[in-house]
Amino acid sequence: MTLLITLAIVILTPLAGGLLTGLDRIITARMQGRQGPPLLQPFYDVIKLMNKESMQVNTMHRFFVYAALVFAVFTAVILLSGGDILLAIFALTLGSVFFVLGGYASNSPYSTIGSERELLQIMAYEPMVLLTCVGLYYTNSSFFIRDIISSKLPAIIYLPGVFIGLVFILTFKLRKSPFDLSMSHHGHQEIVKGITTEYSGKDLAVIEVTHWYEVIISLALVYVFFAFAMPLSHLFAVMACLIVYFFEIIIDNSEARVKWQQALNSAWIVTGVLGTVNLIILSYFR
Amino acid sequence: MKSVKKSPWILHYDGSSCNGCDIEVLACLTPLYDVERFGIINTGNPKHADILLITGSVNEQNIPVVKQLYEQMAEPKVVVAIGICATSGGIFAECYNVVGGVDKVLPVDVYVPGCAARPESIIDGVVLGLSALDEKHKALKHKAKQN
């Protein structure tokens with residue numbers, strides 16, 4: 001049974017992530033007054049990339065993106081099977097670090113700049129992700145998602161500040177403007193293709209699939225805030241995930257890319273104010 | 001494979017164009033023509049691109065640049081010459097530094113005439129390039145099977 005669930009998560013997660021990405025591209029196009037690509041476009045892209053030649057810059061270059069994919073899959077399996085959220089977050093961070101190393105491995109100036117920016121982004125969003133785990137533990141006395149989503153009240157009631165902070169830093173994780181410094185989907189210049197600049201063919205497809213996993217992982221963190229013991233709340237939680245994703249698309253289309261100083265400062269200010277103040281207030285009530 | 005034709009990513013290079021054709025290429029991305037309908041993306045990165053669009057004639061200065069861009073693209077790849085300057089050198093053909101059309105340097109698959117080439121004909125050229133891309137993909141697969 002466990003094997004079956006794991007298999008389902010490994011297969012269905014990228015399918016859902018790819019569909020969401022396709023929907024994202026259509027909504028983005030409509031917001032810009034265009035018709036946009038078909039819903040399955042991300043899958044066409046990935047299948048095409050699979051059939052293309054993969055150019056290898058050096059021996060380690062390709063290894064890192066596959067390592068990043070393995071850790072993204074690992075994170076998705078832990079999160080979606082109701083496992084330890086802290087372990088999942090650490091595995092996800094390790095995956096991001098592998099991705100950064102992949103950018104550095106090619107020695108290309110574009111991907112090196114991309115890697116440096118990605119490191120800054122990790123610095124910017126990581127404290128808030130950790131605070132989210134701490135907050136969830138504080139309200140439920142458990143790091144296990146299966147315990148958190150079966151509590152009497154949803155976590156959002158205790159942690160509204162943490163939730164807003166999480167939505168803020170999800171913009172980094174989903175690679176949306178204004179925080180898409182290291183690798184943007186709308187990049188027409190090499191510098192904003194960042195880490196992916198030197199990747200082609202299968203490797204680029206792997207990066208894209210890893211991103212689909214990350215989209216679902218990010219939304220799973222939103223889900224945890226809304227789901228609780230009531231069965232109907234799970235439907236509501238899925239809707240909350242979709243609303244958050246739609247909100248991120250609106251932000252993506254209405255904001256310009258910021259400098260790294262602003263990205264780092266704003267993320268830390270939001271984390272410092274909303275995250276910690278929320279936890280301090282919570283500590284008075286308990 | 002169908003997906004090769006459904007997601008052509010483009011790299012645009014300006015040889016020695018007067019910018020007329022370049023603006024028309026960019027016009028294809030605007031809401032009026034919206035080439036993303038066909039999955040076409042302007043990548044700006046040779047390693048991600050399938051189709052190389054070249055506007056303007058090739059001159060002595062940019063021969064190595066054009067060659068390098070082509071070599072950095074992953075197989076299968078297609079070259080589309082946009083505008084009369086890229087197809088034959090156009091009115092600049094007699095200039096002392098102009099070598100001629102793109103086909104003097106690279107194997108061109110589709111020629112799109114016009115001065116400046118209309119966005120409609122550019123899209124038409126890219127779509128013609130897709131069947132060339134499909135053929136090259138099949139040839140590559142055939143070659144891989146033989147090896």
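Phe63(A), Phe64(A), Phe71(A) and Phe98(A) are joined into a cluster by ring pairs. Here rings of Phe, Tyr and Trp (its six-membered ring) pair if their centres lie within 6.5 Å, with planes under 30 degrees apart called stacked, over 60 edge-to-face and the rest tilted. By this rule there are twelve aromatic pairs over all chains. One of them is Phe172(A) with Phe179(A), a stacked pair at 4.4 Å centre to centre and 5° between the planes.

A word on the ground rules: this is a predicted model, in which local features need pLDDT of at least 70 and side-chain atom pairs count only at pLDDT 80 or more, while totals for chains, interfaces and linings use all residues. Residues are numbered from 1 along each chain as its sequence is written, chains are lettered from A and ligands numbered from 1 in the order in which they are written, and side-chain values use heavy atoms, with hydrogens and water left out.

Rings also meet charges. A charge sits over a ring if NZ of Lys or CZ of Arg is within 6 Å of the ring centre and within 35 degrees of the ring normal. The charged end of Lys48(A) lies over the ring of Trp9(B), 3.8 Å from its centre, and that of Lys77(B) lies over the ring of Tyr70(B), 4.3 Å from its centre.

Next comes helix 8 of chain A. Helices (H or I, at least four residues) and strands (E, at least two) are DSSP runs, numbered from the N terminus. Helix 8 covers residues 160-173, and its 14 residues reach 20 Å from first C-alpha to last, close to the 20 Å expected at 1.5 Å a residue; the expected span is 1.5 Å times one less than the number of residues.

How many of the 14 residues of helix 8 of chain A are buried? Eleven are, which leaves the helix mostly covered. Buried means under 20% relative accessible area, exposed over 50%, and partly exposed in between (1.4 Å probe, protein chains only). What covers these buried residues includes helix 4 (85-105), helix 5 (109-140) and helix 9 (202-226) of chain A, where contact means heavy atoms within 4.5 Å.

Why does Phe172(A) count as buried? Because its relative accessibility is 1%.

Just after helix 8, Arg175(A) takes a positive phi of about 55°. Lys176(A) is found in the loop between helix 8 and helix 9 of chain A and is buried, with a relative accessible area of 4%. Not counting residues up to four places away in sequence, Lys176(A) touches residues including Asp24(A), Tyr245(A), Glu248(A) and Asp252(A).

Now for the salt bridges, each a side-chain nitrogen of Lys or Arg within 4 Å of a carboxyl oxygen of Asp or Glu. The whole structure holds 16 of them over all chains.

| Salt bridge | Closest N to O |
|---|---|
| Arg175(A) and Glu118(A) | 3.0 Å |
| Lys173(A) and Glu214(A) | 3.9 Å |

Asp180(A) counts as buried at 1% relative accessibility, whereas Arg257(A) is partly exposed, with a relative accessible area of 36%. Finally, salt bridges that share partners join Arg25(A), Arg34(A), Asp45(A), Asp34(B) and Glu36(B) into one network.
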